[in-house]
Amino acid sequence: MPDRPLQRISYVEDDEDIQRIVRMSLERVGKMTVDVVSDSMTAMARIASFKPDLVMLDWMMPRMDGPTLFRKMKQDPEAAKLPVVFITAKATQRDTDELMALGAAGMISKPFSPKDLPDQLRAIWGKLP
Amino acid sequence: MARSCQFDRSLELAGVDRLGEVGADAAGDRAFNKARIVDAGDDHDRPSEALAGQLYCGRQPVEGRHLDVEEVEIGASCRRFGNRLFAEIALLIPLFFGVSVAIAFRLNGVFLSGYRLRHAYQRQLVELQEARRQIEASGRKLALFAERSPIAVLELDAQGVVHEVNHAAELLFGYAADELAGKSVKKIVLPKYQPDFDRDWTALIASRQPMAGVKVRNPRRDGLTVVCDWTVTPLVNPDGTVISVIAQGRDITAQLEAERMKKEFTATLSHELRTPLTSIIGSLQLINAGVLGDVPKDVAELTEVAERNGQRLLDLINDILDIEKIESGKLTLMPEVIRVDELVREAMLLNKGFGDRFHVRFEAQGELLTREVTADRKRLLQVMTNLLSNAAKFSPEGEVVGITTDEVSGLLRIGVHDKGSGIPEAFRARIFGRFNQADSTATRQKGGTGLGLAICKRLIEMMQGRIGFRDRDGGGTTFWFELPRHA
């Protein structure tokens, strides 16, 4: 379990409405700091500069989907250390298993409850080594 | 003087009649004693009793005419001849009679055999005619089956040359029967698949085993293609040679298209409907949770209605997706060892909010078992949630919904006991069916999709368990499910 509370989140998501709800949920309910990234192609640079505690990735995005971005992060020495949580409306059990095997920290399915989202993330954070 | 002896027919018969009693000679003598000697020159019918008496006794006649030596010798000779003749005849008659009886008996046997043979032949002839009639009828029936069959039927020889084509095949491929007959069946195989076809055909003829479910994209005359599901059956002689091959093809193009559309629809449901619902329900939840501060009471009431119905729509989508996944065999379970008491407590905690909404309290009754089952935790919680939420929805306000755990012969049973009005008789048989609810007004008032119990039943059965319900004494219903105990 990390020795500090979960505070900084990078969230990569193309849907603006969901971006707004997640931001509101994490900032207002969870009292966290959120950096939302709309374009997955620029995500690597944004994550590197924001230095989050945890990264949330949407699964289906144009240009580059969540799993591809995740694999790319795994090849970067700094980004590879970050815990990654997927948030998705469409993932088969096989996809989930594959990503968990690759080292994803957790999976949250859409629709999620904005009331509970911060607690769900903290639960995942608490289980990290 | 020529004389002849002759038997009166009645005497002859008398002699024969008594043959059995006194023997042939004695019979002959007695008959002779009664014989009449007839003078050829005299009246033929007048008997000479005196002469007959002398001849027999060898004495001179007492009265009447005198007899000389020649006459006496002739008499003796006649008597000997008569005796011999009589003896021979007496022997021949029974012999003849015996032979006649034997012949008659034998003939009777022959006639009887002949009669039986004729009868058997006629019967066989009738049977053969009946068999022939039946074969012809079967042949006609088979021909009719093939001809009127809605699926394409082709009869091919071992080389793959088409012999017969039914009407459905003509319609499906756009060729008249004459255009296909005598040609290779490869006419309805796409050129790029022909090497594969040759390989499969050779294997089929070599194995002589029927093949089913062979999916092939076949070209039509008009250039379009149809996907057919073929069943190919070689007809084999007793000596093992392939006489012909019957190919039956079902056009599954529309079915595949429907499956593709269903898959696409499911994906759309899964993603395109859930994504906007995430925004709708999420926004309403944030407002209703007071994250944005207090809102006017009327607004709050409406946003609660909106959130509840959004959630209902989401439940329906999730249930449809679940049923679809289960029925298409795509649902994979993640089995793990679960302690029954932990499962019950987790389910009670998860559904506490739902119970509060209906003013119903969930309560474990008796000591919960610490035994374990092997099951998918998430799916088992889904089943528990369904049973608990149903119990809460249909219990009167302020009631307690009890949860019990029992072990019966290696099976762990979890029971959820409500104090509702019970399951209507007419609804009992279809309670685990799809889109079934006892009362549609209940759906509107209390939510629910009518798919919940159908999903529960399928999930529990996938985990080698069973699910059921029974009336409770004093009102209410117990829903239960059983799972094998983890060894």
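**Strands, helices and the chain contact**

Reply: In β14(B), B:F481 is the bridge partner of B:I467. This is a predicted model, where local features need pLDDT of at least 70, side-chain atom pairs count only at pLDDT 80 or more, and totals for chains, interfaces and linings use all residues. Residues are numbered from 1 along each chain as its sequence is written, while chains are lettered from A and ligands numbered from 1 in the order in which they are written.

Me: What makes β13(B) and β14(B) a pair?

Reply: Two strands pair if DSSP finds at least two bridges between them. Strand β13 (residues 466-471) and strand β14 (residues 477-484) of chain B have six bridges, in the antiparallel sense. So they meet the cut-off for a pair. Strands (E, at least two residues) and helices (H or I, at least four) are DSSP runs, numbered from the N terminus. Five residues lie between the strands of this hairpin, and B:G474 takes a positive phi near 85 degrees there.

Me: Why are β9 and β13 of chain B said to stand at the edges?

Reply: The open sheet has five strands, in the order β9-β11-β12-β14-β13 (chain B), with mixed pairing. β9 (361-364) and β13 each have a single partner strand, so one side of each is left without a neighbour in the sheet. The twist averages 20 degrees from one strand to the next. Helix α16 (residues 452-462) of chain B lies across β13 and β14, at about 130 degrees to β13(B).

Me: How do you know which strands are the edges in the sheet with β4 and β5 of chain B?

Reply: That open sheet runs β4-β3-β7-β6-β5 (chain B), with antiparallel pairing. β4 (162-165) and β5 (211-219) each pair on one side only. Here the twist averages 30 degrees from one strand to the next. Inside the sheet, five bridges join β3 (residues 152-156) to β7 (residues 242-251) of chain B. One of the residues involved is B:E155, whose partner in β7(B) is B:I246.

Me: Why is B:M211 called partly exposed?

Reply: A residue is buried if 20 or more other C-beta atoms lie within 10 Å of its own, exposed if 12 or fewer, and partly exposed in between; C-beta atoms are placed from the backbone. B:M211 has 15, so it is partly exposed. B:M211 sits in strand β5 of chain B. Leaving aside neighbours within four places in sequence, B:M211 is in contact (C-beta atoms within 7 Å) with B:L204 and B:V232.

Me: Why is α9(B) called roughly antiparallel to α10(B)?

Reply: Helix α9 (residues 253-288) and helix α10 (residues 297-327) of chain B pack at about 155 degrees, with axes 9 Å apart. Angles over 145 count as roughly antiparallel, under 35 as roughly parallel, 65 to 115 as roughly perpendicular and the rest as oblique. So α9(B) is roughly antiparallel to α10(B).

Me: Which residues of chain A touch chain B, by class?

Reply: The contact takes 18 residues from chain A and 16 residues from chain B. Helix α1 (residues 16-29) gives the largest share of chain A's side, seven residues. By class, that side has nine nonpolar (Ala, Val, Leu, Ile, Met, Phe, Trp, Tyr, Cys and Pro), six charged (Asp, Glu, Lys and Arg) and three polar residues (the others, Gly among them).

Notes: Axes fitted to C-alpha atoms, helices over the stretch in contact; angles between N-to-C directions. Contact = placed C-beta atoms within 7 Å.
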